[in-house]
Amino acid sequence: MLVLVLILVVSDFLVILIVLDLVFADYFQFHRIYGDDLEVRTALRAGDDRAFIDLVFVDIKVRLAFRTVHHDFLHVQVTLLYLVSSRGKGQVANQENSRFLSASRPDKLSVPLRMALTAALALFLCSALCLTQESLAQERLAPGNTAEAAPALASNPHADPRIAEVIRQVSPDRIRETIEKLVSFNNRSTISAQDEDAIKAGRGIGAAREWIKSEFDRYSKDCGGCLEVKIDTFTEQPADRIPKPTEITNIYAVLKGSDPKQADRIVLVTGHYDSRNSDTLNGTDPAPGANDDGSGTAVSLECSRVLSQAVKKTKFPATIIFLTVAGEEQGLNGSRHFAQMAKQQGWKIEAVLNNDIVGGNLGPGQDSGRVRVFSEGVPVIASDAELKRIRMLGGESDSSSRELARYIADIGRSYDAGVKPLLIFRLDRFLRGGDHSSFNQQGFAAVRFTEFREDFNHQHQTPRTENGVEYGDLLKFVDFDYVAHVARLNAATLAALATAPAAPSNVKIVTKGLDNDSTLHWEPSVGAADYEVIWRSTNAPDWEYVQPVGNAMRATLHVSKDNVIFAVRAVDAAGHRSLPVVPEPER
Ligand SMILES: [Zn+2]
């Protein structure tokens, strides 16, 4: 199609444009370039038949589709200088001019001289045209005409130096001490001992529970009582993995938001402090659980330590909860109870970061530069009406948990945590589950962090050596620097979310008529100074473009809603971004 159009336009340029077609189309992998997308016209022609030179300036206006299915926002207008020795016509001219030349100016140097003069003229004209192009570009960027400009990339980083400073306080040594202490309780199975004697002896889940509580209390003392340390205790009735009625206790610390208008917004980090060995019903033999999930418990504790210390210098308008749960290995009992309680009490939990097996197991194939972030696609609680809309609009990858995962990817680009999130677009690994799903069940956005490569000989195994293979979730397999990096990524995410404005509410996209523009509107967020519309191609995993729209509650973009997925996010005066909200269609 491209070549056909070119033949029609100007056959003289066939060769050069075929080259353009082959080279550029191959390099950029254009998709769906139609005749309408390409416009070629001669802008200026200058020639010197005696020097056998044609100079042609060609304006080519292309609306390109760079790996995307819509063409509206990428306009390229270029001027090509076409320089050719006109051999065919030139033969005649040459002969004619030869006679002319020999009669008037026999000097053979005149031909190169003319070529040089013509080239100089070309440079002059070209620079003039380039300036024209620049002024055209300026015009396109002028206020009021911003929709015509290529939008900024949504992947541009935006870090808050105070948050960067906070996450630097995360200490691999403190994390090592925490995990060592947790391992010292020998067996932290939910069905292990929790009576007074066991607690005094430092054995069993009861002793672990008391120690975790004392750590939260200590951090709170260090920040002038800024943490409210609480327990959530309940009795689980007998089930598959719970032989008799068992008391289960979740321990958590609340760092209340500094803004009364936003303190009801909650972001939460969790890990499970219970452990297991090869037998889920064994509460006595060693079950060190250094990685599963001493590492996740250490992330929650370390986040609470550094973020509670940070309130001396900075403020978090929203509330942060640092949670450690039990009962995970028996069937997610602790997290289920906690999430149900949160739902029943109307807590506004905006994000749950579940860290489970983030020890960076030291072994072959591990990638210590990456941590997996699992998130559900279609929400488990979606109603029939919601499922219908998801099917209609292609919303399979836009659950609130998925948006949270993308937010973490953004944090990974903006802060140097030492580890990069690798988004996995599925709820969890094969054959496995985790506490984040308890929160998903109650409609909360929740994701799971897990090391890049797990060693299943070092999880859920009674420590032993068989045929030269060492089994067991032992301290020596944990990479404490890696856990610290994951803790930094968590702390940065919590701090960014707790500092950012609330996400815009009631976000709608107008679908009243057939229209290739897109109009969105929303209601104001507490703490917001401005808003941004972001979007991506329907087949792109992460947000691609961003259009700041000031403090408007409505925006129209010259981008077709049929071809992209939009979202709106709030931005405060310091540039903190809220979670994005995908609009619902409004008829
Ligand atoms: Zn686990």
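Author: Quick ground rules: residues are numbered from 1 along each chain as its sequence is written. The model is predicted, and local features need pLDDT of at least 70, side-chain atom pairs count only at pLDDT 80 or more, while totals for chains, interfaces and linings use all residues.

Reader: What does the secondary structure of the protein chain come to?

Author: There are 15 helices and 21 strands. Helices (H or I, at least four residues) and strands (E, at least two) are DSSP runs, numbered from the N terminus. Buried residues make up 42% of the 587 residues. Buried takes 20 or more other C-beta atoms within 10 Å of a residue's own, exposed takes 12 or fewer, and partly exposed is in between, with C-beta atoms placed from the backbone.

Reader: Why is α6 called oblique to α9?

Author: The axes of helix α6 (residues 172–184) and helix α9 (residues 290–310) come within 9 Å and cross at roughly 130°. That angle makes α6 oblique to α9. For the cut-offs, angles under 35 degrees count as roughly parallel, over 145 as roughly antiparallel, 65 to 115 as roughly perpendicular and the rest as oblique. Axes here are lines fitted to C-alpha atoms, for helices over the stretch in contact, and angles run from 0 to 180 degrees between N-to-C directions.

Reader: Which residues make that contact between α6 and α9?

Author: From α6 come Arg174, Ile175, Thr178, Ile179, Leu182 and Val183, and from α9 come Ala290, Gly294, Ser295, Thr297, Ala298, Leu301, Glu302 and Arg305. Contact means that the C-beta atoms of two residues, placed from the backbone, lie within 7 Å. By class, the contact of α6 with α9 has 7 nonpolar, 4 polar and 3 charged residues. The classes go like this: Ala, Val, Leu, Ile, Met, Phe, Trp, Tyr, Cys and Pro count as nonpolar, Asp, Glu, Lys and Arg as charged, and the others, Gly among them, as polar.

Reader: And what makes α9 oblique to α15?

Author: α9 and helix α15 (residues 480–499) pack at an angle of about 50°, with their axes 9 Å apart. At that angle, α9 counts as oblique to α15. Ser295, Ala298, Val299, Glu302, Cys303, Val306 and Leu307 in α9 meet Val483, Val486, Ala487, Asn490, Ala491, Leu494 and Ala495 in α15. The residues of this contact of α9 with α15 divide into 11 nonpolar, 2 polar and 1 charged.

Reader: How do you know that Asp173 is exposed?

Author: Asp173, in helix α6, is exposed because it has 9 other C-beta atoms within 10 Å. Asp173 and Ala484 are 311 residues apart in sequence and 8.8 Å apart in space, C-alpha to C-alpha.

Reader: What about Asn551, buried or exposed?

Author: Asn551 is exposed, because it has 11 other C-beta atoms within 10 Å. It is found in the loop between β18 (545–548) and β19. Leaving aside neighbours within four places in sequence, Asn551 is in contact with Ala529, Asp530 and Tyr531.

Reader: Why is β7 described as largely enclosed?

Author: For strand β7 (residues 265–272), 8 of the 8 residues are buried, so the rest of the structure largely encloses it. Both faces are covered: Arg265, Val267, Val269 and Gly271 are buried on one side, and Ile266, Leu268, Thr270 and His272 on the other. As for partners, β7 runs parallel to strand β8 (residues 319–325) with 7 bridges and to strand β9 (residues 348–355) with 6 bridges. Two strands pair if DSSP finds at least two bridges between them. Ile266 is bridged to Thr319 in β8, and Val267 to Ala351 in β9.

Reader: What makes helix α12 hardly covered?

Author: In α12 (residues 384–393), the count of buried residues among its 10 residues is 0. Gly394 follows α12 and has a positive phi, near 70°.

Reader: Why do β19 and β21 stand at the edges?

Author: The open sheet of 4 strands has the order β19-β16-β15-β21, with mixed pairing. β19 (554–557) and β21 (584–586) each have a single partner strand, so one side of each lacks a neighbour in the sheet. The twist averages 30° from one strand to the next. β19 is joined to β16 (residues 518–523) by 4 bridges, running antiparallel, and the bridge partner of Leu520 in β19 is Ala555.
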